[in-house]
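Q: I would like to learn how to read a structure feature by feature. Where do we begin?

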Amino acid sequence: MEIPYTAKPRPDTGLYNAKLGIWLFLASEVMLFGGLFSSYILLRVGADLWPHGMLSIPIGTFNTFVLIASSVTVVMAWASLKLGNPGKFKAYMAATILCALGFLSVKSYEYYVKFTHYDVWFKDDATAEKYFKAAYGEKGTEETRKQFVERFHLHNTKATYDPAQIQLAGHIEGNPLCTNLKKLVGAKQETIKFTPDAPLGSHEHPHAIEVKLSDVQRLSSYVPAHSTFFAIYFTITALHGLHVLGGAIVLAYFLLTVDKWWKKAPEQFTNRIEVGGLFWHFVDLVWIFLFPIIYLL
Amino acid sequence: MQATTQTHSQEAHSHEHHHDPGFLRSYVFSSDHKVIGIQYGFTALVFLMFGFLLMMCMRWQIAKPGTAIPLVGGLLENFLGDVAKGGVMSPDLYNAFGAMHGTIMVFLAVVPLAFAAFGNYVVPLQIGAVDMAFPRINMASYQCFAAGGVVMFVSFFIPGGAAAGGWTSYSPLATIIPTQGQTFWLIGMVLLITSSLLGAVNFIATVIQLRAPGMTWMRMPFFVWAQFVTAFILLLAFPPLEAAGILQLVDKVFGSSFFLPTGLIVSGKPYDVSGGGSPLLWQHLFWFLGHPEVYVLILPAMGVISEIIACNTRKPLWGYKSLVYSVLAVGFISFIVWAHHMYLTGMGTKISTFFQTTTMIISIPSVIILTCLFMSLWGGSIRFNTPMLFALAFLPMFGIGGLTGLPLGFNFSDLHLHDSYYVIAHFHYVVAPGTIFALFAGIYFWYPKMTGRYMNETLGKTHFWLSLLGMNLVFLPMFFQGLYGMSRRMSDGGATYALVDTAGKVNPANEGIVTALTGTVMHLNVFITHAALLLLIAQIPFVINVFMSMFNGKKVESDNPWQATTLDWQTPTPPPHGNFTKEIVVYRGPYEYSVPGQTSDFIPQNQPDAQPAK
Ligand code: HEM
Ligand SMILES: [Cu+2]
């Protein structure tokens with residue numbers, strides 16, 4: 001005996017099995033990302049300091065458009081099959097997968113930039129000020145404080161901050177990936193060459209300075225261990241990225257097997273594309289929430 | 001166990017059709033819902049036994065702290081090394097066993113047995129479907145479950161041993177324990193959650209899409225309703241725990257601080273992380289699943305019980321509609337009571353008041369369900385067979401468990417009772433002599449359908465009476481220990497805080513301290529351990545019975561040995577691949593027993609015309 005309603009909808013529910021299945025699955029996905037977004041809110045509300053402008057908005061916007069475009073092409077791919085045109089389906093589906101790969105490449109680039117960007121905190125006020133001056137000249141302490149105020153949007157607070165709480169941001173010579181104080185010390189390194197970021201309002205990087213590791217309290221690239229902000233940023237975007245990757249693999253499978261399936265079971269195959277498309281829209285939708293929350297707010 | 005029997009019958013079946021799909025395809029990588037149900041059931045029973053044995057070791061340590069465990073002590077030392085030096089359980093090992101006992105019992109034993117095993121086997125049969133809606137996803141669900149089980153089991157043998165932060169895995173504790181047990185736990189949980197997610201999608205789709213013609217919603221057996229609501233709970237409550245698990249995994253593996261607060265000091269040293277996280281966040285995410293999870297533990301059990309009660313009282317269930325609406329209400333409300341596990345976290349009186357109120361509200365539909373089941377007995381001509389005995393015992397046992405939950409649900413009384421043995425007694429009454437009895441009942445009840453043979457009644461009744469006695473002797477005293485102030489999760493059973501030790505010798509350290517644990521409390525520790533041994537012995541007849549009856553149990557006289565009305569009994573025995581040999585159309589409600597003016601005292605759901613008495 002055959003399982004009914006695998007292709008044709010059941011009259012009283014109006015759904016074929018897989019369509020109901022994907023909606024249920026998406027409901028659970030909503031709860032999964034809902035849990036993560038709620039965590040984001042709770043952590044942010046409870047945080048003393050929350051950084052702004054750490055991510056590139058132009059890149060994020062570009063990626064948003066790439067995903068939206070892929071959502072359009074996946075619908076067109078499905079519509080092409082509905083109109084009985086597997087040739088056009090192939091073109092649209094290929095475009096969708098290209099968009100997905102484009103999105104993932106851009107995302108990887110963003111990750112790479114973060115993994116090679118460092119913050120350094122110094123042991124005490126005097127040491128910190130010494131390095132701030134080495135980096136930005138006589139007004140070094142004020143400059144780093146200005147950067148700090150800008151990063152955490154502290155414009156209206158009167159509080160003063162001790163320099164040892166303020167980080168110096170920049171790049172380590174040789175652009176090591178995701179290293180930290182423990183690893184550097186473990187590698188018997190005593191100093192690093194550090195190129196501080198350009199001062200506010202300028203694009204000119206100051207000269208590299210020599211930093212003694214014995215003066216450093218904490219050193220971290222922009223990875224989950226850096227701060228709660230980066231932790232939640234990487235966790236949610238990586239999970240989302242895995243969804244993009246998984247979706248792209250499934251869609252690519254459909255693209256590669258269309259000729260066989262189109263001959264054998266066109267109706268069922270079209271349904272599969274619809275179901276795959278629904279998942280794809282969901283992945284897109286998650287990003288539409290992610291982008292403003294993490295990049296803009 | 002049943003797996004082997006299934007093997008025989010399936011073999012016979014496939015020979016008839018001249019295309020033997022081979023051993024692996026039929027029994028290991030099968031996509032047939034009945035085979036998958038039996039796989040789930042068998043695995044879950046093994047884990048149930050394993051979880052129980054972990055607890056037996058812990059009970060020894062509670063009763064006789066610091067002495068070598070008889071029989072298995074040496075074995076533990078051989079396999080686990082220094083944590084069990086000289087066969088004595090170290091506090092670390094106690095913690096690991098405790099965490100894994102809870103995890104295994106909940107996620108690898110009771111839920112898989114109640115939901116996945118019974119649900120898989122019975123639900124498609126009861127709604128007249130040929131299989132689940134997505135058979136291959138069903139198979140993937142079992143494989144994820146098995147993989148999760150393997151990861152959990154393997155974690156005992158890694159350096160440092162299994163997770164030791166409790167089944168609730170509260171951070172920071174769970175994160176800062178320097179070994180990798182927690183990492184294994186988290187990976188295992190992600191696999192188990194994936195498995196139950198796949199199962200839940202499948203169950204819901206099956207019930208909505210594959211009901212036979214005429215099987216309207218209000219003609220579904222209550223068991224199907226209970227599983228349907230359970231599937232929704234699993235679908236929607238588990239993902240936030242998955243989110244929490246991912247966050248804790250990132251904390252553990254990548255050194256982030258989702259659940260680690262600023263200024264955390266560990267062993268006298270500042271802990272080297274960025275800080276800024278929230279331990280409360282973990283608790284919220286955990287209990288957002290954790291509470292609905294307890295309904296996942298109990299609803300399928302209620303479903304099993306109602307089938308057995310209707311059949312063995314030869315009477316329709318009392319208040320079928322109230323049962324259905326109540327189970328739906330429980331399903332919804334179970335999502336908004338979670339923080340009653342967190343009264344002591346300082347989350348604030350307003351929030352406590354809200355959750356206290358919802359907790360009291362959810363007990364109303366729960367009580368309605370229990371009342372309906374009790375009322376169903378009234379005026380029935382009860383058959384006291386083994387499944388029915390277990391079902392009958394379920395009612396008061398679950399009643400005790402549920403009623404003792406009320407003082408926990410009130411903020412003011414929970415201040416005293418929280419994290420004490422009272423809580424242990426409460427939830428074990430609902431899960432052990434509650435749910436597990438229901439599962440035993442279900443096994444005795446559906447065994448003849450799965451194998452074509454009855455289980456032995458004498459062994460069954462011995463199993464029942466000894467278990468009933470053992471369960472109560474184990475768990476009843478725990479209420480008193482808790483009220484007297486004994487905390488849970490103490491690796492020496494509270495000896496450190498006791499006035500006198502189990503041998504009656506005064507502990508000089510606590511002399512004169514009014515709140516020290518009394519001698520009575522300490523003696524109960526020993527008593528309970530003896531009772532637990534009795535409970536262990538009580539399971540021997542069951543194990544023998546399951547295996548023996550497969551070969552020389554009494555053969556069933558017909559395909560419907562209990563004269564039941566629901567569709568699961570209108571199939572060949574055991575049901576072949578595809579389940580039904582004829583087209584199934586449903587004409588009536590699920591419990592048409594003893595309809596006046598009929599020749600037979602039951603009318604199957606698929607029988608078109610009732611036969612009036614001549
Ligand atoms: C119907 C009324 C019930 C109420 C009012 C209730 C209330 C509570 C409360 C308030 C707690 C937390 C106590 C504390 O930690 O201080 C608790 C613990 C617990 N309950 Fe219930 N409960 C009920 C039914 C159930 C059922 C049906 C189950 C499972 C089948 C269950 C399983 C548990 C478990 C496992 C815990 C302990 C969790 C832990 O801390 O490890 N309860 N209950
Ligand atoms: Cu609860």
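The dialogue below takes up conventions, metal sites, a helix, a ligand shell, overall shape and some backbone exceptions.

Q: What conventions apply to the numbering and to the model?
A: This is a predicted model, in which local features need pLDDT of at least 70 and side-chain atom pairs count only at pLDDT 80 or more, while totals for chains, interfaces and linings use all residues. Residues are numbered from 1 along each chain as its sequence is written, chains are lettered from A and ligands numbered from 1 in the order in which they are written, and side-chain values use heavy atoms, with hydrogens and water left out.

Q: How is a metal site read, and which residues coordinate the copper ion (ligand 2)?
A: Donors are N, O and S atoms within 2.8 Å of the metal (3.2 Å for Na, K and Ca); water is not among the atoms, so sites may look incomplete. Here the copper ion (ligand 2) is coordinated by His291(B) through ND1 and by His340(B) and His341(B) through NE2, at 1.8 to 2.1 Å. The spacing of these donor residues in sequence is H-x48-H-H.

Q: Which protein residue is the donor to the iron atom of ligand 1?
A: The iron atom has a single protein donor, NE2 of His426(B), 2.2 Å away. The distance between this iron atom and the copper ion (ligand 2) is 4.7 Å.

Q: Where does His426(B) lie?
A: Helices (H or I, at least four residues) and strands (E, at least two) are DSSP runs, numbered from the N terminus. His426(B) belongs to helix α16 of chain B, residues 421–451. Of the 31 residues of α16(B), 30 are buried, so the helix is largely enclosed by the rest of the structure.

Q: Where is the kink in α16(B) centred?
A: The bend at a residue is the angle between axes fitted to the seven residues ending there and the seven starting there. In α16(B) there is a kink of about 40°, centred on His428(B).

Q: What is found at the start of α16(B), and what follows the helix?
A: A polar contact is a pair of N or O atoms within 3.5 Å; within protein, one must be able to donate a hydrogen and the other to accept it, and residues adjacent in sequence count only if both atoms are side-chain atoms. At the start, a side-chain oxygen of Ser420(B) comes to within 3.1 Å of the backbone nitrogen of Tyr422(B). After the helix comes Gly452(B), with a positive phi near 85°.

Q: How many residues surround ligand 1?
A: A residue is near a molecule or strand if one of its heavy atoms lies within 4 Å of it. There are 22 around ligand 1, and the closest are Trp167(B), Asp414(B), His418(B), His426(B) and Arg488(B). Polar side-chain atoms lie at these distances from an oxygen atom of ligand 1: 2.9 Å for Trp167(B), 2.6 Å for His418(B) and 2.8 Å for Arg488(B).

Q: Which element gives the largest share of that shell?
A: The largest share, five residues, comes from α16(B).

Q: How is the overall shape of chain A read?
A: The radius of gyration is taken over C-alpha atoms, and the globule rule is 2.2 Å times the number of residues to the power 0.38. A compact globule of 297 residues would have a value near 19 Å, but chain A has 25 Å. Its C-alpha atoms fill a box of roughly 80 × 35 × 35 Å along the principal axes. The secondary structure of chain A comes to eight helices and five strands.

Note on methods. Buried < 20%, exposed > 50% of the residue type's maximum accessible area, 1.4 Å probe, protein only.
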